[in-house]
Amino acid sequence: MTHFRSLAVAVILAASAPLVGCGPKKPSTEEDGVVNPRQAFLDGVNLLKTPGKDGEIDYAAAYTSFVSATDAKADYAKAHFNAAWTSERMGKLDQAARHYQQALEIDPGYDQALFSLGSVLSRSGKGVEAVTLYKAAVEKAPADMKVRNAFMEALTAANMYDEAIAEAKRSMPNAEGRL
């Protein structure tokens, strides 16, 4: 009988051993109350990649994750960019513009942020601001045809047709007779 009790106790102890240390889990973005910006960013990316049961992407939750990352690490340009992109998908263009601008301030060479900001400004009725943005970019990189083209598109979107034609002529000096 003693052998049976010892065996029963051993089985109970063995079965409960894997449960040791299994308490409530903290959110993956926090460790001791401090947000891990990288993990918050990755959580946002995973939310964008994984539609819910209804097939919809939870843009609001992804945005919250990206903002958590930027709150924890203010100079996280990619998190600002993703917060902006997510804001665009939710139709919040002013919010998107602010995040794209922040990403661009952190990393002035972040071309995707530059072009996305210009596009959002144009679509939100702020074509003159897009023109100003691209004009500064053309002054910094006059040989960059992608920037020059975006500048011409912004001029056109802002109904500044004469300026757009003049910029086209400057961009393609040998095309004078074709414009």
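Read along the sequence, this protein chain runs α-β-β-α-α-α-α-α-α-α-α. That gives nine helices and two strands, where helices (H or I, at least four residues) and strands (E, at least two) are DSSP runs numbered from the N terminus. Before I go on, please keep in mind that this is a predicted model, so local features need pLDDT of at least 70 and side-chain atom pairs count only at pLDDT 80 or more, while totals for chains, interfaces and linings use all residues. Residues are numbered from 1 along each chain as its sequence is written, and side-chain values use heavy atoms, with hydrogens and water left out.

Now, the chain as a whole. Of its 179 residues, 35% count as buried. Buried means under 20% relative accessible area, exposed means over 50%, and partly exposed is in between, with a 1.4 Å probe and protein chains only. If we take the contacts with a separation of 6 or more, residues 24 or more positions apart account for 39% of them; a contact here means heavy atoms within 4.5 Å.

Let's turn to the aromatic rings. Rings of Phe, Tyr and Trp (its six-membered ring) pair if their centres lie within 6.5 Å; planes under 30 degrees apart count as stacked, over 60 as edge-to-face, and the rest as tilted. How many aromatic pairs does this rule give? The count comes to six. One of them joins Phe41 and Phe66, a tilted pair with 5.6 Å from centre to centre and 55° between the planes. This pair links distant parts of the chain, with Phe41 in helix α2 (residues 37-49) and Phe66 in helix α3 (residues 59-72), 25 residues apart. Together with Tyr76, they form one aromatic cluster.

Val45 sits in helix α2 and is buried, with a relative accessible area of 19%. Leaving aside neighbours within four places in sequence, Val45 is in contact with Phe66 and Asn82. Val45 and Phe66 are 21 residues apart along the chain, and their C-alpha atoms are separated by 8.5 Å. The other residue is Thr86, in helix α4 (residues 77-89). Why does Thr86 count as buried? Because its relative accessibility is 0%.

Not counting residues up to four places away in sequence, His80 touches Thr70, Ala74, His99, Gln102, Ala103 and Ile106. His80 and Ala113 are 33 residues apart in sequence, and 9.3 Å apart in space from C-alpha to C-alpha.

Next, the empty space. Rolling a probe the size of a water molecule over the atoms shows where empty space is left. On a 1 Å grid over the protein atoms alone, a pocket is an open set of points with protein on both sides within 12 Å along at least five of seven lines, and its lining residues have an atom within 4 Å of a point. The largest pocket has a volume of about 260 Å³, the volume being the space filled by probe spheres set on the points. Its lining has 14 residues, of which Leu104, Pro108, Leu114, Ala137 and Lys140 lie nearest the centre. Which elements give two or more residues to this lining? They are α5 (93-106), α6 (111-123) and α7 (127-140). Helix α7 gives the most, with four residues. By class, the lining has eight nonpolar, two polar and four charged residues. Here Ala, Val, Leu, Ile, Met, Phe, Trp, Tyr, Cys and Pro count as nonpolar, Asp, Glu, Lys and Arg as charged, and the others, Gly among them, as polar.

Two last stops. Ser119 is in helix α6 and is partly exposed, at 32% relative accessible area. Asn159 lies in the loop between α8 (145-157) and α9 (161-171). Asn159 is not a glycine, yet has a positive phi of about 60°, and it counts as exposed at 54% relative accessibility.

Conventions
1 Å grid on protein atoms, 1.4 Å probe; cavity = no way out; pocket = protein on both sides within 12 Å on 5 of 7 lines; lining within 4 Å.
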